[in-house]
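Have the structure open while you read.

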Amino acid sequence: MGAPSSKTDLTCISNLSREEMLHGLIIRSHKIHARLLNIRCPDLPQDFYLISASDLGVRNRAEILGCSIPLFVEENCMYFGEPVALLIGPDQERLRAIGEQIQITFEELEASLDRENLPDDCIFLERSYTYGDPEKDFAECNRTIEGTYRNGIQDHHYLEPMGALAEPDGGNLKIYSPGTHIYLIRDIVAAATGMSKRSIHVFGCYPGDDLDGKLWYPAILAAQAAVAARISGKAVRILHSHEEDALYSPKRAASRIRITTAVSDENSEKRSRRVELDIDMGSYPVGAEDFLERCVYQLSGRYRLSSLEIKARILRTNSPPLGFFDGWGDSIGSFALETHYNRCAELLPADPGQLRSDTLAMPGDRLVSGVRIRSDADPGHVLQAVIRASDYSRKHAAYELQKKRRGEGSIQTDAQRGIGLAIAFHPPLYLGEKERMQSSAVGLRLDGDGSATILCSMYPGSAGAEQAWKKIVSEVLGLKISEIRIEAPNTVTCPDCGPETLSRSITICSKVLENCAQAINKRRFRDPLPIEVHRSFRLPRSNKKDARDIPDAYPVYASAAAVVETEIDPGTMKLNFRGIWLAIDGGRILQQSAALQRLEQGVYSAMGFLHSEVLELEHGRLQPNRILGYRIPRFGDFPDPQIQLIQPDRNAPSLGIGELPGMTIPAAGIQAISQASGLYLDQIPVTAENFYRYLQEQESSEEEDFEMMPIIDDAGTEGGLS
Amino acid sequence: MILSFLLNGAPIQVEAYPHQDLMTTLRDECGITSIRRGSIQQNSGLSMILIDGLPLPSVMLPSFRAEGCDILTYEGIINSDEHREILQSFERSNIIINPLVLPTLILMTYWLITENRKIEEHEVRELLGEIACRGGVTSRILTAVQQAHNFRRMRIQHE
């Protein structure tokens, strides 16, 4: 491995500047849902411009992943803080002063905010899936277990904020953006400016953590800056402040997922599930179809079921745009399913590890989605590995006993402990045929001095992925790591390798890069230098469709199992995490240290999602004072995760593993906190307010001596009510 | 106002607004890009600099605090032996980290190892706890800091 690079020369949008550059200040809506009537602007000094929708006409829209987004409010503003106009000028202090004098008149409209009770016209997308005969199975089963699981929104909290710089360059336009799909930015800028795609040159800036927050939103800023640069004839930079980033950039989508599982005491194979899923993707549900599909995919699970029914909806509310966070719909679907499984285990009762082992679909089984599990994708080994490493079964039983005795008042312990388990499976790439439609090209150049340059339109995604890319080229071409460099992503010299999401930098780019290096190896002693080759990713022919004509994105799925152990100080109610264990099967691991780094980052992100990153919309807007309390994890907040990388087959393809901690840790963590506290928790993040509410609910239910248990006994023998 | 101070060993004079924080002045007027605000909160730990040998978050300081001081930033240690030793120890400990955080981490390590005293674990943890970062295993960083300290001691002994 090469020395860790300590870069101050990274191309960051906040570090870019040009002579006579104009700054952009976004004038935002101060209403949640309203009709725009008028914009009144004072006389502007020379070199100051105000640009609004009327200056763009028909080009004021960006079409992104099935959603049409205006660059500036046209008729109706859809969320608080939506861009109404862009004020540009050479002096930031004066910009702010003029910005305060701009008056926008709105006619207020009724806002749709309560995602629990929305009118039908707020349903952006609705899908239903049925497998088997759930109606019949539910009638035949004698017990149902029900739960409603919610997740809050989460901010990406980038260290480098959103922004864009547009610079006229003769007849061309240069765009600098931290977006993770620069070819998408090129297309949107071309549409907004009416220029040809060939004359738009996009240069990628360092995006920061690969959390999917910069998939599409920077394209809007780039288009706004580009329009301003065209009008003014000067370079224009829009740079969000951290406050703007926190208040108005897209966040993780919020969801409510209700799961009911029917089980039969007489027939253990009779197991049916109903799922009702609502995802709030805010005012502009970008990528709703794929987001929903992946969430449903997770909810259908890798467990054996006799029948399944899923009713899924994407809601369009007047909240700021919500959506991707370190994966698409996978993490919220996985959280709900795994939390529900832990709930089932508690109520049946059964050991959660054993219950999973007994019901997991094994190689050769066909999932409810139709895909057959291949022989090299046995999920049992990650489950057993993490159970062994954490001593889960013994601890779970002991803490369960401790909890029971606490409930009876027979013991008082200094600390209340709990432990939780969850597993997840991650299909890399887009599902089914969608990956085939996605451009996935990478280039490699062997230069005259013997060094190699990687040409890719995305940043590697993480420092670990960068090391992995270099290592692949180094091994195939026999070069030193220091002789390999990565060209800054741009649309001039780098082929389009698609967006940096779903671990594509590893699953796609590393594989294609290997092909490029092998192609160069064949030519390097035959052809003169430099030699440049471009290769594209192709799905293996054997994986296109199975015998039932069902498309399969990839031959295997990355799988993970996680255990989280916690304790609560009964005096202060302070949570202390005692241990985090992960077992990962990610196929071929290109570089162990790089994989570990990505997983550690994922663990921190997931732990933040579980309990410290609390963000709530109040009447459709984030309150700045609440944002100030938002806290992403810091070094040493949690014990070092114990991570096992299981490599059953070194010849297997490399799978995406980065999203797996986010799919397992929250569900495992909430079970651990539930066991430690004795409270039934069903939503994340676990905040002090939520905790208090659960406590109040428990106390009131005990006072009434009437339990609201989420278990229904049709036979009425156990006295549970719903 | 005009401020005079030593920046990375060189005397410097800059004009700064009185209300501006030192981080903004260093970034905008002196081209110091290794520091950043990094977060909506006042202090994310990524604006740390050494002022007269002490680590302080420049985003929390008014610009006039720099007057007459000796300021060291990451840019000022890039060519030092310690920087090479720190990178070497980070490499051995498999520390791969967000490149926006790395300069701060290296500067803090530089401060710890050049203090010429025993490095206490709690002290390192306290410093690291200042830095907002999704990822980074503390025990490996602790090992790397100790290792960098040893590298430096050995070099000085040989010299």
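Start with one pair: the side chains of E160(A) and R36(B) meet in a salt bridge, 2.5 Å from N to O. Keep in mind that this is a predicted model.

**Where the chains touch**

- Across the interface of chain A and chain B, the rule finds three salt bridges.
- There are also 11 residue pairs in polar contact between chain A and chain B, counting pairs with both residues at pLDDT 80 or more.
- On the side of chain A that touches chain B, the elements giving two or more residues are α5 (242–248), α12 (463–477), α14 (592–612) and α15 (624–628).
- The largest share of that side comes from α14(A), with seven residues.
- Sorted by class, that side of chain A has 21 nonpolar, 18 polar and 11 charged residues.

**How big the interface is**

- In all, 50 residues of chain A are in contact with 45 residues of chain B.
- About 4,000 Å² is buried between the two chains, and carbon and sulfur atoms give 57% of it.

**Two helices in chain A**

- Helix α7 (residues 330–347) and helix α16 (residues 660–677) of chain A pack at an angle of about 35°, and their axes are 8 Å apart.
- The crossing of α7(A) and α16(A) is right-handed.
- Residues making this contact include F335(A) and E338(A) from α7(A), and M663(A) and I670(A) from α16(A).
- By class, the contact has five nonpolar, six polar and two charged residues.

Conventions:
Residues numbered from 1 in each chain as written. Chains lettered and ligands numbered in written order. Predicted model: local features only at pLDDT ≥ 70, side-chain atom pairs only at ≥ 80, totals over all residues. Heavy atoms only, no water. Contact = heavy atoms within 4.5 Å. Buried area = accessible area lost by both parts, 1.4 Å probe. Salt bridge = Lys/Arg side-chain N within 4 Å of Asp/Glu carboxyl O. Polar contact = N/O pair within 3.5 Å; in protein donor to acceptor, adjacent residues only side chain to side chain. Helix = DSSP H or I, 4+ residues; strand = E, 2+ residues; numbered from the N terminus. Nonpolar A, V, L, I, M, F, W, Y, C, P; charged D, E, K, R; others polar. Axes fitted to C-alpha atoms, helices over the stretch in contact; angles between N-to-C directions. Left-handed = near helix turned anticlockwise from the far one by under 90°.
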